[in-house]
Amino acid sequence: MSVDNGCASPGARKTLSVDEARQIILSTVTPLSGWEKVAIRAALGRILAADVIAPCNVPAHDNSAMDGYAVRAEDLSGDGEVHLQVVGTAFAGRGFSGMVGAGQAVRIMTGGVMPMGADTIVVQEIVRTEGNTVVVPAGIRKGQNVRRAGEDLAEGAVAIPRGKLMGPAELGLAASLGLAEVCVTRRLRVAFFSTGDELATIGRPLAPGEVYDSNRYTLHGALTRLGCELVDMGVIPDRPDELEAAFRNAAACSDVVLTTGGVSVGEADFIRELMARLGEVSFWKIDIKPGRPMAFGKIGDTWMFGLPGNPVAVMVTYYQFVMDALLRVAGQDPLPQRPLMQASCTSPIRKLSGRKEFLRGRLYLEDGQWQVRSASAQGSGILRSMSEANCFIVLHEHRGDVVPGETVQVQLFDGLV
């Protein structure tokens with residue numbers, strides 16, 4: 001891990017770009033080693049700790065993909081109708097026990113096991129029946145509408161790879177293999193606390209100069225959605241001895257520690273210096289707005305993130321850096337970068353070159369075209385802008401102002417927040 005203790009000369013190290021900071025974090029953090037076995041229904045939202053191997057073929061037998069008739073391809077004429085005698089029926093779960101002989105057919109339902117002797121399914125919509133005879137038109141190909149054994153999964157193949165997040169499809173896939181349990185990584189344990197003498201606990205009146213602590217509740221929601229085991233350590237005053245004790249306690253009981261506030265260069269900003277003294281600091285300045293001061297490092301075996309204090313900056317840095325790092329530690333490989341889409345911006349936006357900006361926006365469809373407008377006021381302390389928005393408007397470092405009608409990149413909140 002590269003180290004910048006940030007104490008001797010904070011300005012000596014260049015400020016990192018968003019992409020550089022993200023790359024450093026994701027290439028540095030390492031996955032947990034612990035795992036547990038859980039029932040399939042309890043695996044939703046968990047990350048697989050081992051490949052799920054197919055213990056059998058899926059499907060287990062050759063079967064029909066359609067309702068129709070099971071026939072022998074050699075009985076079919078290439079240039080005219082063929083009359084075949086219907087000798088039985090095959091249902092899904094209740095097959096035909098006999099053999100399909102020359103000039104014969106078996107009525108079959110979707111999912112029915114292919115009768116012995118048959119190799120082709122003729123769909124019911126294109127035939128006509130005359131008593132116990134089915135009339136099959138020309139042009140039927142051998143093997144048509146047959147699902148082969150092992151077509152979906154062959155016995156011994158990897159059905160679900162290690163590191164996969166178990167969603168509804170994965171639960172169903174595991175169940176289709178007859179598995180009652182899967183191995184998942186243990187839940188990631190995250191300790192978090194806010195810092196600042198000005199922070200008040202909700203439920204009591206504010207004293208002069210105080211503000212309610214919202215950051216812990218924002219992080220509680222984000223971390224809960226990620227399935228983490230949480231250690232909420234409350235609000236720690238801006239006193240070095242109490243902060244040091246909080247860091248030591250948090251590092252001793254968790255895999256990752258998140259703090260908010262105290263990472264800038266003010267007289268009461270102690271987080272970065274404490275992280276450097278107790279462990280290592282990889283970097284603490286990023287060319288991003290909001291959220292320029294953000295410290296990343298390690299104390300012992302515990303990863304540390306010192307997030308800014310402003311509520312919107314907390315959310316931006318969490319979603320751009322921390323969330324994917326937590327996924328990586330939990331055993332999942334996040335995308336190299338978050339997907340972006342393009343939209344026409346309807347709001348004028350002032351921007352200075354130099355920092356990558358994440359403005360809160362409202363994406364909507366109008367006259368068949370995706371458009372986006374700036375949501376509410378954009379100050380880093382105005383949390384309402386995150387509530388009103390459904391996307392980030394992403395403006396890269398070297399670009400300037402945006403004029404209405406210009407195409408911009410947006411990052412959807414859906415699937416992110």
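**Ground rules.** I'm working with a predicted model, where local features need pLDDT of at least 70, side-chain atom pairs count only at pLDDT 80 or more, and totals for chains, interfaces and linings use all residues. Residues are numbered from 1 along each chain as its sequence is written, and side-chain values use heavy atoms, with hydrogens and water left out.

**Entry 1: two helices.** I looked up α1 (residues 18-28) and α6 (residues 311-330), whose axes come within 10 Å and cross at roughly 20°. Helices (H or I, at least four residues) and strands (E, at least two) are DSSP runs, numbered from the N terminus. The axes are lines fitted to C-alpha atoms, for helices over the stretch in contact, with angles from 0 to 180 degrees between N-to-C directions. So α1 and α6 are roughly parallel to each other (under 35 degrees; over 145 is roughly antiparallel, 65 to 115 roughly perpendicular, the rest oblique). On the α1 side I found Val18, Ala21, Arg22, Ile25 and Leu26 in the contact, and on the α6 side Gln320, Phe321, Asp324, Ala325 and Arg328. Contact here means heavy atoms within 4.5 Å.

**Entry 2: helix α5.** I checked α5 (residues 271-278) and found it mostly covered, with 6 of its 8 residues buried. Buried means under 20% relative accessible area, exposed over 50%, and partly exposed in between (1.4 Å probe, protein chains only). I noted the buried ones as Ile271, Arg272, Leu274, Met275, Ala276 and Leu278. Among the elements they pack against are α4 (240-253) and β13 (189-195).

**Entry 3: strand β5.** I followed β5 (residues 82-90) to β9 (residues 133-136), and they pair in the antiparallel sense over 4 bridges. To pair, two strands need at least two bridges between them in DSSP. His83 stands opposite Val135 in β9. With β6 (residues 104-108), β5 pairs in the parallel sense, also over 4 bridges. There I saw Ala90 with Ile108 as its bridge partner.

**Entry 4: strand β22.** I traced β22 (residues 341-345) to β26 (residues 407-412), which runs antiparallel to it and is joined by 4 bridges. Ala343 stands opposite Val408 there. Between β22 and β24 I found 2 bridges, and these strands run parallel. Cys345 faces Val372 in β24.

**Entry 5: Gln371.** Is Gln371 buried or exposed? It counts as buried because its relative accessibility is 11%. I placed Gln371 in β24 (residues 369-374). Leaving aside neighbours within four places in sequence, Gln371 has contacts including Ala343, Ser344 and Tyr364.
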